[in-house]
Amino acid sequence: MSKSINRRNFLKLSLLASGGLLIGVGCTSEAESKMPTSIEDLDFQHFNAFIEMANTGHVIIYSPNPEIGQGVKTAMPMIVAEELDVAWENVTVKQAPLSKDFNRQVAGGSQSIRQTFPTLRNAGASVKMMLLTAAAQQWKVDVSTCKAEQGVITNANGDKFKYGEVLEAAVKLPVPENAPLKDAKDFKLIGTAVKNVDIKPILKGQPLYGVDYREEGMKYAAIARPPFGATLKSFDDTEAKKVQGVEQIFSFDNKIAVVGKNTWAVFQGKSKLDIKWDNLQSSQDTDVFDKKMDAILKKSKLDVRSKTGNYASARAKADQLLERTYEAPFLPHNTMEPMNFFADVTGEKIRLVGPTQVPESSAKTVAKMFNKEVEDVSVDMTRMGGGFGRRLSTDFVEDTAMVSSLAKAPIKLMYQREDDMSVGQYRPKVKYKVEAAIKNGKVTGYHIKEAIVNNRGMSWVLPKYFPFGAIENYKAESESVDADVTTLWWRAPITNFLGFATECFMDDLALTLKKDPIDLRMELLEQAKGKDKIPYDPERMQNTIQLVKEKSNWGKPKPGISQGFSCYFSHNSYVAEVCEIEIKGDKPVAKKVYAAVDCGIVINTSGAKNQIEGAIIDGIGHAMYGDMAIKNGVAQSQNFDTYKLIRMMDTPIVETFFVDSNEAPTGLGEPGMPPSSPAFANAVKKATGKRWLKQPFFDS
């Protein structure tokens with residue numbers, strides 16, 4: 001067949017070894033070199049929860065965790081394929097459903113790769129060993145004399161088997177418990193740039209996301225929710241019922257559900273409800289929260305979250321004190337794909353389908369709601385158009401299931417942008433008061449106080465992040481303001497602003513001590529070496545700082561450019577950033593960010609860079625403009641006409657460099673964010689002398 005003909009769309013016929021006839025559709029020259037695409041007709045053998053293989057050698061690898069845009073649907077199968085030693089072009093990736101066969105099916109905390117790396121490697125290595133053993137038995141040689149590469153097994157005599165040729169024998173063998181794993185230096189797929197497995201359907205607009213999900217007989221629903229702290233007094237649905245397509249309207253749990261034939265009908269119906277809310281709370285107000293938080297920061301004692309030495313004594317002996325207070329507002333998550341979910345609650349089984357970061361928690365919560373066993377609830381995960389922590393909550397899953405039960409129909413719940421921005425789950429409003437004691441030009445004490453709204457704030461390991469361990473007398477305290485405003489984990493929870501406060505303070509500390517900001521951190525990290533119970537490795541942080549220092553040509557910016565530095569350890573990864581800004585008119589503009597990252601072994605360099613770039617732009621953008629004020633329980637922004645996000649003209653170029661490492665991989669969805677806004681702010685301080693203490697930096 002001529003090459004010119006091959007470049008057109010055409011039907012390709014392939015006679016398989018199994019006797020089946022496959023029909024594949026080729027549309028590009030790239031596709032011509034691959035297997036027929038109709039893999040559904042292949043006879044796959046099941047090895048384990050991750051791997052199925054056909055006698056053509058084609059492999060299906062199931063990706064267990066929710067895909068939220070962080071790239072795990074590509075990266076996790078890469079790890080399996082690496083140990084299986086199969087060519088990536090012979091791999092099809094599928095999203096796994098919720099199953100007990102997998103551990104920790106959660107998208108959160110940048111933990112997916114870190115928590116499952118050993119399991120994924122073992123899944124691939126054990127199947128490779130079964131294939132090697134099957135080949136060795138047919139050749140009557142010791143399995144140790146056989147090796148596999150790219151789906152082909154060879155022995156010392158030069159004999160060869162393709163995986164598919166020993167497939168039938170391999171699946172009958174016992175699964176080895178301790179199959180040997182590759183040495184990191186032998187990785188061929190891990191550490192390369194692999195394009196996202198969903199990129200073609202995304203570009204073609206094919207259904208992948210929860211918002212795309214449809215099924216026969218499905219109804220749509222929209223829900224009206226009360227302002228924070230308010231209750232439902234009454235509602236008149238006369239006009240709403242007149243909307244064509246609206247079928248049912250009912251209340252539950254202070255909410256009103258409109259059920260109908262399509263999204264347009266239920267949105268229109270919801271807008272025509274005449275609702276009376278009761279108990280609007282004047283206490284649920286940004287100004288009220290500010291006063292309560294300021295009062296907390298003035299208190300002499302808060303809840304101690306971490307302590308070493310005696311800060312009070314260091315303070316008393318100090319010849320100089322440095323104090324700063326930093327403030328950040330509530331922020332909504334603003335998932336680009338509107339919040340949505342599907343539920344079909346029947347007397348016997350419950351089906352859940354949609355974009356959730358916590359499929360297991362969703363199943364357990366819904367099972368409890370309807371007094372069912374969790375085994376009676378199935379969860380199929382769709383790709384998510386962003387989450388940033390919002391879909392770690394199960395509130396929208398619970399609402400969908402309740403509406404399905406009350407409407408006695410399979411339900412697709414759809415949010416409008418206003419539904420989630422105005423009554424959603426927010427990053428908690430927070431303030432930090434930081435004080436350092438200085439004696440003879442040395443930092444002898446560090447004290448940080450946290451006042452936070454409706455959140456536990458600094459807890460668990462967070463109070464022990466840098467500079468814990470580096471300063472002898474250290475104290476971290478926190479207290480929360482009770483509120484009806486719902487808060488939740490928001491990208492890089494707590495550290496997204498704790499990192500800002502800590503790293504801006506470090507910059508001012510360096511100025512006070514007349515030291516280079518990088519030199520000060522390096523000195524403090526040197527002092528942290530060998531200290532007990534610190535969650536970070538000072539030497540790895542130093543190496544990360546040194547890398548960004550070299551790559552950014554720190555201290556020698558081009559004319560008109562000012563540099564700001566920041567570093568932070570969070571979510572088990574080390575990130576150091578240098579932000580370069582330029583003053584345009586009277587406005588500082590971030591032009592470029594250099595980022596050095598130590599996340600251990602990098603699985604997919606393409607996805608890893610994307611995560612760092614996204615986190616930096618997200619961090620700087622929200623620090624510039626993000627603000628959600630609350631008045632009498634009502635959010636003052638409802639949509640993007642009043643809630644500003646970063647624009648293209650504000651977006652810096654990001655260059656990312658990874659520390660060469662054989663350490664176990666850690667996460668990347670969040671660690672790039674905490675150092676981003678302080679690096680920007682520190683550059684502005686250098687350029688203008690102005691210290692930004694409060695976010696957002698600009699009025700939106």
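Guide: One term before we start: the angle between two helices runs from 0 to 180 degrees and is taken between their N-to-C directions, with axes fitted to C-alpha atoms over the stretch in contact. Also, this is a predicted model.

Visitor: OK, at what angle do H15 and H16 pack?
Guide: About 160°, with the axes of H15 (residues 517–528) and H16 (residues 538–551) 9 Å apart. That makes the two helices roughly antiparallel, since angles over 145 degrees count that way.

Visitor: And which residues of H15 make the contact?
Guide: Ile518, Asp519, Arg521, Met522, Leu525, Glu526 and Ala528. From H16, the contact includes Pro538, Met541 and Ile545. The contact residues of both helices divide into seven nonpolar, two polar and four charged.

Visitor: Switching topic: in what order do the strands of the open sheet run?
Guide: S12-S13-S10-S21-S18-S19-S20, seven strands with mixed pairing. S12 (246–252) and S20 (377–381) each have a single partner strand, so one side of each is left without a neighbour in the sheet.

Visitor: How do S18 and S19 pair, parallel or antiparallel?
Guide: Antiparallel, over four bridges. Ala343, for instance, has Leu352 in S19 as its bridge partner.

Visitor: Which helix touches S19 and S20?
Guide: That's H11 (residues 359–369), and its direction makes about 150° with that of S20. Another helix, H8 (residues 263–271), lies across S10, S12, S13 and S21.

Visitor: What does UniProt place at residues 204–281?
Guide: An unreviewed entry there gives the domain "Aldehyde oxidase/xanthine dehydrogenase a/b hammerhead". In the model, that stretch is 18% helix and 38% strand.

Technical notes. Residues numbered from 1 in each chain as written. Predicted model: local features only at pLDDT ≥ 70, side-chain atom pairs only at ≥ 80, totals over all residues. Heavy atoms only, no water. Parallel < 35°, antiparallel > 145°, perpendicular 65-115°, else oblique. Contact = heavy atoms within 4.5 Å. Nonpolar A, V, L, I, M, F, W, Y, C, P; charged D, E, K, R; others polar. UniProt positions renumbered as here; feature names shortened; annotations may be inferred. Pairing = 2+ DSSP bridges.
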